Amino acid sequence: MKKRTAEIRRETRETKISIKLNLDGEGTAQINSGMPFLDHMLTLLARHSLCDISLKAQGDLAVDFHHTVEDIGLCLGAALNKALGTRRGIRRYGFAYAPMDEALSRAAVDMGGRPFLVYRVASKRRKILEFDLGLIAEFMQAFCVQGKLNLHLDQLYGHEPHHAYESMFKALALALRAAVARDSKEKNIPSSKGRL
């Protein structure tokens, strides 16, 4: 069975990022973005999707977190797209709810090759420590565009912002896990058009 892995490197004047992704891993994560909150969220994504993710990122964090967060999303999406190849034999769709104490989030994914993001959050908090929570939307948009996936991500409710965002990343992980899974009955491209 063909390995579904990818390596992506991206270097600009603002960021330097390298990522390794294994879709058929065990959920291991080696994440170093320079932003502890994002590292935690990406570790959750790896763990609950059962994808192995190794990520090193350097960016102009003294200026702003924006460039680095967005470029990590671009690289992770590009790695996902590369690892999937033609997408032959995958389930294509995945959806999940994930609770975290008082918080609940829902994710629905279509790996059909048409990038689109619907993103709604209930938490009104703007920051966790120094991390601007508004950047999560930028990450998800970049991830969807380069990953060529349709993602509907809803943080339904949650009083504690850490719980709310943690439930969101866990829901995404579970939906991705289902969508990229190999389907023993699907031998072709999972589309009536014959291609994605």
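Visitor: How many disulfides does this structure have, and how do you know?
Guide: The count is zero disulfides, where a disulfide is a pair of cysteine sulfur atoms within 2.5 Å. Keep in mind that this is a predicted model, in which local features need pLDDT of at least 70 and side-chain atom pairs count only at pLDDT 80 or more, while totals for chains, interfaces and linings use all residues. Residues are numbered from 1 along each chain as its sequence is written, and side-chain values use heavy atoms, leaving out hydrogens and water.

Visitor: Why is Cys75 called buried?
Guide: Buried means under 20% relative accessible area, with exposed over 50% and partly exposed in between (1.4 Å probe, protein chains only). Cys75 has 2% relative accessibility, so Cys75 counts as buried. Cys51, at 8%, is buried too.

Visitor: What makes a space a cavity, and how many are there of 30 Å³ or more?
Guide: On a 1 Å grid over the protein atoms alone, a cavity is a set of points where a 1.4 Å probe fits but cannot get out. There is one cavity of 30 Å³ or more by this rule.

Visitor: Which residues line the largest cavity?
Guide: Among them are Leu21, Cys51, Phe143 and Val180, and a lining residue has an atom within 4 Å of a point. By class, the lining has ten nonpolar, one polar and no charged residues. Here Ala, Val, Leu, Ile, Met, Phe, Trp, Tyr, Cys and Pro count as nonpolar, Asp, Glu, Lys and Arg as charged, and the others, Gly among them, as polar.

Visitor: How do you know what span to expect for helix H3?
Guide: Helices are DSSP runs (H or I, at least four residues), numbered from the N terminus. The expected span is 1.5 Å times one less than the number of residues. Helix H3 (residues 135-147) has 13 residues and reaches 18 Å from its first C-alpha to its last, close to the 18 Å expected. Its buried residues include Leu135, Phe139 and Phe143.

Note on methods. 1 Å grid on protein atoms, 1.4 Å probe; cavity = no way out; pocket = protein on both sides within 12 Å on 5 of 7 lines; lining within 4 Å. Points joined across faces, edges and corners; volume = space filled by probe spheres on them. Helix = DSSP H or I, 4+ residues; strand = E, 2+ residues; numbered from the N terminus.
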